[in-house]
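This briefing concerns strand pairing and aromatic contacts. Please consult the sequence and the model shown here.

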Amino acid sequence: MAETGEEETASAEASGFSDLSDSELVEFLDLEDAKESKVPLSKPGPSSEHPGKDDKPVSLQTGKNGLDVLSPMERFQLKYLYVTDLCAQNWCELQVVYGKELPAFSTPEKAAVLDTGASIHLAKELELHDLVTIPITTKEDAWAVKFLNILSMVPTLQSEGRIREFPVFGEVEGVFLVGVIDELHYTAKGELELTELKTRRRPVLPLPAQKKKDYFQVSLYKYIFDAMVQGKVIPASLIHHTKLCLDTPLGPSVLRHAQQAGFSVKSLSDLMELVFLSLTLSDLPAIDTLRLEYVHQETATVLGTEIVAFDEKEVKGQVQHYVAYWMGRRAPQGVDVEEAWKCRTCDYVDICEWRRGHGVLSPSLEPKAKKLK
């Protein structure tokens, strides 16, 4: 997109975030059409045991009894996770696993809902600033765009009081998390408020199970953002997890945009130094208020808002539980029988081993292991 205004942000496509805006885990999963009727867990289906996606060598994590255990982070070759990965675990952890193993199972209907939600978020973003598409060729370029967005947004928030699509990242319980905050703004009282927009296909508020996931999402955003502005996120952690090469020359498009924004840089190392200085020296406060706003997709009508109470101990406990799966410390879990109604619109309902096993995981989805030679 051509540069058309003074306040500009690199596009989400160029930013390197692969989950739309991280703020948009759109409400297809909330089953708003489903009534909380019970679905039996024992519905038979074909085996969910599938071969690995590739044969690339990976390092193995040593487990008990002389076994090397391949953690999900290693098996799926993930350097970091998105906030929405953990939020999806809050809904159904086994669905997340199948999504990684069999991404082609995603339905056209779900893709259409995601597109509609993304369009609404984009319209909201364009109310505040223009977007500039920056071609990228390396992962270092992708992170450079993230850093440029942060460098432009921090002073804008301080001077104008409102920004949208703010990138956040940081290590939490040993795993590096990346996400995008929907909106940050100062209230009339001078408090920093996070607002998360959730779009709805039908003009009704979500079920409690969906709200629970949304509460966790905004709380985790606050946890990471606060750590960033308090100097608790350090460059060494980012480099360790992302494996970025700081000395790689930035692409010409990225360099050109950086120069137009007033930054004289040559490599990612230069930008990273500026970002961490900006975050810690800008006097940005911790987030005071967490607000969820539910909007009907078709009419843009606000269906309701909720203020979410932040409980750091509870957030850390949830993160520890979800991260334990990714680190290979436990097997994935499906939904409790009381929430089996969630399965009604799941893409993987016919192959789910959790359902076939009456709430017990098949050995085919246990952490992979092999004996030491």
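In the hairpin of strands S7 and S8, five residues lie between the strands, and Gly 190 there adopts a positive phi near 85°. The model is predicted, with local features requiring pLDDT of at least 70, side-chain atom pairs counting only at pLDDT 80 or more, and totals for chains, interfaces and linings using all residues. Residues are numbered from 1 along each chain as its sequence is written, and side-chain values use heavy atoms, with hydrogens and water left out.

- Strands are DSSP runs (E, at least two residues), numbered from the N terminus, and two of them pair if DSSP finds at least two bridges between them.
- S7 (residues 175-186) has 11 of its 12 residues buried, so the rest of the structure largely encloses it; buried means under 20% relative accessible area with a 1.4 Å probe, protein chains only.
- S8 (residues 192-200) runs antiparallel to S7 over four bridges, and His 185 has Glu 193 as its bridge partner.
- S6 (residues 162-172) pairs with S7 in the antiparallel sense through 10 bridges, Phe 166 being partnered by Ile 181.
- S4 (residues 81-82) runs parallel to S7, joined by two bridges, with Leu 81 opposite Leu 177.

**Aromatic contacts**
- The structure holds 12 aromatic pairs, counted for rings of Phe, Tyr and Trp (its six-membered ring) with centres within 6.5 Å; planes under 30 degrees apart are stacked, over 60 edge-to-face and the rest tilted.
- The ring centres of Tyr 80 and Tyr 82 are 5.9 Å apart with planes at 80°, so this pair is edge-to-face.
- Phe 169 and Phe 176 have ring centres 6.2 Å apart and planes at 25°, so they are stacked.

Definitions and conventions:
Buried < 20%, exposed > 50% of the residue type's maximum accessible area, 1.4 Å probe, protein only.
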